[in-house]
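Me: I have just opened this entry and would like a walk through it. Could we take the pieces slowly?

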Amino acid sequence: MAVVGIILIFTFVISAGLPLFFKVGPYRFLFGMEWRPTGGQFGILPLILGTLLVVAGALVVGGSAGVVTAIFLSELCPQVLKRTFKVVVELLAGIPSVVYGFFGIIVLIPFIRSQVGGSGYGILSASIILGIMILPTVTAIAEDAVSSVPIDYKLAGLSLGATDWQTIRQVILPAATGGIATALVLGIGRAIGETMAVLMVIGNAPQIPDSLVKPVSALTSTIALDMAYASGDHRTALFAIAIVLLLIITLLLISIRLLHARLGSAE
Amino acid sequence: MASEVKFEKVDFYYGAFKAIDSLQLTILARKVSAFIGPSGCGKSTVLRMVNRTNELVAERTRLEGRVLIADENIYDGVDLFSLRKKVGMVFQRPNPFPKTVYENIAWAPRIHGVKRTDELDEIVEKSLKRAALWDQVKNKLKSSALSLSGGQQQRLCIARSIAVNPEVLLMDEPTSALDPRATARIEDLVEELKADYTIVIVTHSMQQAARISDSTAFFLSEGAGRPGRLIEFGETERVFTNPSSRLTEKYITGRFG
């Protein structure tokens, strides 16, 4: 069933989007600086850049916080508190993304507008919101990775007179690198695919930004916004963007595979 | 420098459960002492008191009485990190770090402040030689320790412990995961190492205790939920040929446990 579904989606999206690749030319589509679909300009570089910047920002915010939370939960947190914290993290995963978007508009954007500058809408806001959104994914998988490191390693480290922190940083974390990398890549995947919350705080201006508080557009948010009214080539272009998204996600998944194969053979 | 380990009227608790009752025992320096007894008798708990690792595997542990290493009470305001540096430990299952052979040995000296590469090289070579492993691994110091055989891994763990110059070496059933040949190697090694360290070995094998130890301590608990007690301690030969307690005799002749 799943395989059939995937094949159908791929075939549909590719057949709907591919014509534009040929009409505009792959190079001018992917690296064109201007996205003005109603004026016949189909360069999606600003969108790709917007997505990449926001995802990178989310990784800095949510990736590091997620890994730190994972270490805390599996190594340092007292048993009693662990349950509570885990429920909180799971709750974070269950909040609908539109609510995150709301939070962004009501709390984060005014804060950034007054403290950092700009309109508040833009890369920085989207990165922070996305960072919070990928936190549960990263935390859950990284926590699995860290706590699956045999306790023997920890005991060995501590009985050599090392501190907790030395043991965690130099023995446990290196042993969990593969799992932590997987957690981060899946976090990236989640961040790339997220649409609604990003759409609400990113500002939706398809431009090449020159600062972190500039509004930009992302691949997903553009599809969601434009789909409502797009027709003709514009509509086809949105499907072509979807092809790019599918490619990026596929590459990410392949990279996880390769990562595992490489780490697996190293042991 | 090897040190004597002394237990003075020690009671040990896991939460409300009393695991060890009024233990009185002196472990001599430069000797091998074996702890024997059936499962659940508390022998591993006593072993882990010496480097205070019971506290790492269980919450709410409590000790009454005194445990002295070289006349210093290790349960009275002692720095845990320098204590654990002073007391090496070898575990039941070989547990080398998933690092290179070299890094396994160099790691602990480095965190304790040895920075210079030539000094670390020397420690690595000396420790591996001391653990009778140098000849087998000198050409693969940069390979993963996990590529070694089980017996080699266990000797690597011994080398890792002695790299920080401990005074006491604790071994918790160090050969139970090894085949007979690897076991014999470890036993030979223990005999050699006792010249420099106080060695305490927990073992399930009475033959092993008889083969390698100078003195033997027999522990027994009178049933689940009851504390473990030291029944008898003395020279190994005497304990095995002429035990003073009928309980010891019953255990070593295989009638219970």
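Reply: Two strands are said to pair if DSSP finds at least two bridges between them, and strands (E, at least two residues) and helices (H or I, at least four) are themselves DSSP runs, numbered from the N terminus. This is a predicted model, in which local features need pLDDT of at least 70 and side-chain atom pairs count only at pLDDT 80 or more, while totals for chains, interfaces and linings use all residues. Residues are numbered from 1 along each chain as its sequence is written, and chains are lettered from A, with ligands numbered from 1, in the order in which they are written.

Me: OK, so how many bridges join β7(B) to strand β8 of chain B, and how do the two run?
Reply: Strand β7 (residues 168-172) of chain B is joined to strand β8 (residues 198-202) by five bridges, and the two run parallel. One of these pairings sets B:Leu169 against B:Ile199 in β8(B). To get from β7(B) to β8(B), the chain crosses through helix α8 (residues 180-193) of chain B, and this β-α-β crossover is right-handed; that is, with the strands pointing away from the viewer, the path from the first strand over the helix to the second runs clockwise.

Me: And which strand does β7(B) meet through four bridges?
Reply: That is strand β6 (residues 87-90) of chain B, which runs parallel to β7(B). Here B:Gly88 has B:Leu169 as its bridge partner in β7(B), and B:Leu169 is also the bridge partner of B:Ile199.

Me: Is β7(B) buried or exposed?
Reply: Five of its five residues are buried, so β7(B) is largely enclosed by the rest of the structure; buried means that 20 or more other C-beta atoms, placed from the backbone, lie within 10 Å of the residue's own. In a regular strand the side chains alternate between the two faces of the sheet. In β7(B) both faces are covered, with B:Val168, B:Leu170 and B:Asp172 on one side and B:Leu169 and B:Met171 on the other.

Me: Changing topic: where is B:Leu47?
Reply: B:Leu47 sits in helix α1 (residues 43-49) of chain B, and it counts as buried because it has 20 C-beta neighbours inside 10 Å.

Me: Which residues does B:Leu47 contact, apart from its neighbours within four places?
Reply: B:Leu47 is in contact with B:Phe35, B:Leu170, B:Asp172, B:Val200 and B:Val202, where contact means C-beta atoms within 7 Å.

Me: What about the two chains, how many residues does each give to the contact?
Reply: Chain A puts in 15 residues and chain B puts in 20 residues. On the side of chain A that touches chain B, the elements giving two or more residues are α7 (151-159) and α8 (164-175) of chain A, and α7(A) gives the most, with six residues.

Me: How many helices and strands does chain A have?
Reply: Chain A has twelve helices and two strands, which run α-α-β-β-α-α-α-α-α-α-α-α-α-α from the N terminus on. Its C-alpha atoms fill a box of roughly 70 × 45 × 35 Å along the principal axes, and 41% of its 267 residues count as buried.

Me: And what are the counts for chain B?
Reply: Chain B has eleven helices and ten strands, its C-alpha trace spans about 55 × 40 × 30 Å along its principal axes, and buried residues make up 46% of its 257 residues.

Conventions. A residue is buried if 20 or more other C-beta atoms lie within 10 Å of its own, exposed if 12 or fewer, and partly exposed in between; C-beta atoms are placed from the backbone.
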